[in-house]
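I opened the file to see what could be looked up in it. My entries follow in the order in which I made them.

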Amino acid sequence: MDQDLFQNLTHLLGKDYFESFHGQNYLKSDYQLSKEQWAAFVGELMPAVEHNPILLFNLRPGVKFHDGHLMNADDVRFTYEAIMNPKNLSPRIPDYEPVKTVEVMDPLTVKIVYKRLYSPAIGTWGMGILPEHLLDAHALQKEAFRLGKDPKTFSIRQSAFNRNPVGCGPFKFQNWKSDQYITLDRFDDYWEGPPNYQRYVFRIIPDLLTQEMEFYAGTIDSYEVQPHQVKRLENDPRFQNFSGVAFGYTYIGYNTRRKPFDDPRIRRALGMAIDIEKIIKYVLYGQGEQITGPFVKQTDYYNHAIKPLDYDPSGALKLLETAGWKRNKAGRLEKNGKPFKFTLITNSGNDLRKAILAIVQDAWKQIGIDVHTDLLEWSVFIQERVNKRDFDALILGWQMGIDPDLYQIWHSSQTNLYQLNFVGYKNKEADDLIIKIRQEYNYQRQIEFCHRLHEIIAREQPYTFLYVGKWTAVLDKRIVIKTVDDTGTIRYEKITPTKTGNYNFYFNKWIKLPQVPSFMEKG
Amino acid sequence: MLSFIGRSVVQKTITLFFVSIVSFLIIHLAPGKPSQVDPLNPKFTPEVVERFKKEFHLDKPLYVQYVYFYHDLFTGKTVSWKDNQSVLKKILERFLNSLPLFFVGTLITWTLSFPVGIRSAIFRGGIYDRSATFLSYLLISIPGFFFAYVLIIFVVTYFHVPVIGMETFGIGDAPATYLFMDRIWHLLLPSVLSATGGIAVLSRYVRSQMLEVEGQDYIRTARAKGLPSEQVHYKHALRNALLPFVTMFGLILPGLIGGSVIIESIFSWPGMGRMAYEAILARDYPIILTVNFVSAVLVLVGTFISDLLYLVVDPRIRL
């Protein structure tokens, strides 16, 4: 699929070829519509040119829901319709807004046609599929009658399904005790064969220390280890551990609408004054890596050719001097007699950010900047300061998905109040690239665009990119992979992570042995 | 008597009405929107936010929202915004979880504070009194969460027993007596912890009350009569020193619904405190307001009961 197709065609057909097409001439309306309404309507119904990418899904035959019902294309269509139904208040609507039609070709084929080029689309269909036979209008009506509720207002949101989900996965829902645990049981009809574990329990333990104590006691097999706990668990012979780079990063964002943050030199100098490696070493206990741009570090979209800013306070001072900021007798930076003074804020309740706040404040004070700091409760922080653009600089983090679409966070059209480009970053070339990335279906070309965008953002430094955290998972050493081949021979293998660092990809094959096994070296 | 009860009920209903208005206003004045309405999710468009607001009536003026909310509450139809569960059902479930913790905690507090306090008062200035004083201040000063950690680590490493949660995880179908004892064991540590602060404060209070009464003339008279000291302390002095505690008894009632956020979080106890705390963070108005309303009712009932109790125990008071 070529996103420049129509543009290239105009070279052959003449510049005004597509503009000379007028849909109005071919359409007639039964109602009286105003001129603008009519034009908008025609534009949608009969545009001169339109990309209509198609996603064709061939479903695996014989996949069953946990109640034994076969999953088919109608369930896929139903899921789409349920999301788009305004009654269900789904927050996922924007994901599927570019969809034009969802068509069931046969019970195992779904054809999805899009209104325009939208490459993040494939990722959005990683969505769980709802069982139509349990949630369609008829089923809901029956449930409403049973519960004595008004069938007119009864929607999926009210259905008992929400606390008793039915899906197609390897484990089926058993019960859920609020704030205690969720129990799942093995699903014997799973299409890939039943998992080894009989039961999967997800426990809710809010306190970090008690999590660790329970882990030692053996009542938890795996949990999310905190950076400061990694060291003492890593070397424990009872456990095996896996770690990898996380999907979110932490940054300092500057309000580029305000002086002096409108100058990229200033932003770069501020970044150079911070010793990020030290932050990673002492705040994160080494459980983090530096990053230079907005893409997920372990994907190909990330441009590894870009080097992080050097920690160089004197270089930062020189850069500030070129922008007109000089140190006065007291060592404070000033320009035309005005001191360099601003406030750095972040949300309370996050100890890492709080520590970074103090470190950064100190680093900037060292080069003569008068920095004040403030910690705000999360919703005050977001609603009063971030959404209303009332800040100089802030510390925050983004949780990223694998898809390289950066439209909401970096496109210049998203700088209005309540939108996510709150730093007010605007760059024509970056805008073009962002649009191209979300329209490009060719992986290689997408990577090229991303690398270029990464370069521009790293050059302009609207954020000081700090670090991406590392996750560590610890497991009892007795947990291994157990496979049975066709001849019935049982093989035990050590758990090894996949290429992307995913250690529980083969979770269905895991089993806990009574004793710690010893493995022979592979050879 | 009857007129007192009547007057009380009318007064308290009026108070309750104002409490309901004030708490409703405060919640809506607090910055931040319910997390369902305003998450920092890149995919959330303004149209979706509008739709959520409409669903929760947040687009209506405050007084209309007020009527909606209390209408729903009294007809038992309020649902949590977070998971669409009935609020009353959720609160009842959590209340039943918090109840044993509260009950045992209070029981320990009240049964231990009195002997400790009374003995301190009788042997004032002695070594027992001094060490009790020292211990009380120590317990008041130690942060609860720190003390809890120390206890947990100690118990887990020396006795190798699980302590968190309401019962041993995965206990399954053990015999009933075993299950019962398991519950009691899990109850012990958190309730002792929640009682420590109470014991420290209350025993100080008992001590000072006793000392005040012991200095009265009629105690000297009783001693002069040649009564055994036991009778003087426990009959003449203690009975009078107890009066202020009767009023305190009524005020324990609101604690029923309060729960302790810290203790419940550390011990993974699925109680009221944790639910309310999480509701506040998520700005889940229905839960916050309902908990608020119920605790207001309990406070008012508590004061009413303590008034009545005072009437019963103190013959000097007549209405």
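**Notebook: chain B, then chain A**

I began with burial in chain B and found that 41% of its 319 residues are buried. Buried means under 20% relative accessible area, exposed means over 50%, and partly exposed is in between, with a 1.4 Å probe and protein chains only. I noted that this is a predicted model, in which local features need pLDDT of at least 70, side-chain atom pairs count only at pLDDT 80 or more, and totals for chains, interfaces and linings use all residues. Residues are numbered from 1 along each chain as its sequence is written, chains are lettered from A and ligands numbered from 1 in the order in which they are written, and side-chain values use heavy atoms, with hydrogens and water left out.

**Entry: the make-up of chain B**

I looked up the secondary structure of chain B and found 14 helices and 0 strands. Helices (H or I, at least four residues) and strands (E, at least two) are DSSP runs, numbered from the N terminus.

How does the radius of gyration of chain B stand against that of a compact globule of 319 residues? Chain B has 25 Å, while the globule would have a value near 20 Å. The radius is taken over C-alpha atoms, and the globule rule is 2.2 Å times the number of residues to the power 0.38. I also noted that the C-alpha trace of chain B spans about 85 × 60 × 40 Å along its principal axes.

For contacts in chain B between residues at least 6 apart in sequence, I read that 71% join residues at least 24 apart. Contact means heavy atoms within 4.5 Å.

Chain B exposes about 17,300 Å², and carbon and sulfur atoms supply 69% of that area. Accessible areas come from the Shrake-Rupley method with a 1.4 Å probe; for residues, only the protein chains shown count as cover.

I looked up the charges of chain B: 28 side chains are positive and 21 negative, with the centres of the two sets 7 Å apart. Lys and Arg count as positive and Asp and Glu as negative, while His and the chain ends are not counted. The place of a charge is NZ of Lys, CZ of Arg, CG of Asp or CD of Glu.

**Entry: the make-up of chain A**

Chain A has 17 helices and 19 strands. Of its 523 residues, 46% count as buried. Its C-alpha atoms fill a box of roughly 80 × 80 × 55 Å along the principal axes.

In chain A, 65% of the contacts with a separation of 6 or more are between residues 24 or more positions apart. I read an accessible surface of about 28,100 Å², with 51% belonging to carbon and sulfur atoms. The mean positions of its 67 positive and 64 negative charges are 4 Å apart.

**Entry: nonpolar cores**

Which residues touch the most other members of the largest nonpolar core? Among the 39 residues of this core, they are Tyr249(A), Leu394(A), Trp398(A), Trp410(A), Phe422(A), Leu453(A) and Tyr463(A). α17(A) gives the most to this core, with 6 residues. A nonpolar core is a set of buried Ala, Val, Leu, Ile, Met, Phe, Trp, Tyr and Cys residues joined through side-chain atoms within 4.5 Å. In soluble globular proteins, nonpolar side chains tend to be buried together.

I then followed Leu394(A), leaving out residues up to four places away in sequence; its contacts include Tyr251(A), Leu344(A), Phe381(A) and Phe422(A). A second, separate core has 34 residues, including Tyr254(A) and Phe340(A).

Lys436(A) lies in helix α16. Lys436(A) counts as partly exposed because its relative accessibility is 33%. Beyond its neighbours within four places in sequence, Lys436(A) is in contact with Gln3(A) and Phe449(A).

Ser518(A) lies in the segment after β19 (510-512). Is Ser518(A) buried or exposed? Ser518(A) counts as exposed, because its relative accessibility is 73%. From Ser518(A) to Arg478(A) I read 40 residues in sequence and 9.6 Å in space, C-alpha to C-alpha.

**Entry: backbone details of chain A**

The peptide bond from Lys259(A) to Pro260(A) is cis, with omega near -5°. Pro260(A) is in the loop between β8 and α10 (264-272).

Tyr285(A) is not a glycine, yet it has a positive phi of about 55°. Tyr285(A) is exposed, with a relative accessible area of 51%. Arg389(A), also a residue other than glycine, has a positive phi near 60°. Arg389(A) lies in the loop between α14 and β15, and it is buried, with a relative accessible area of 8%.
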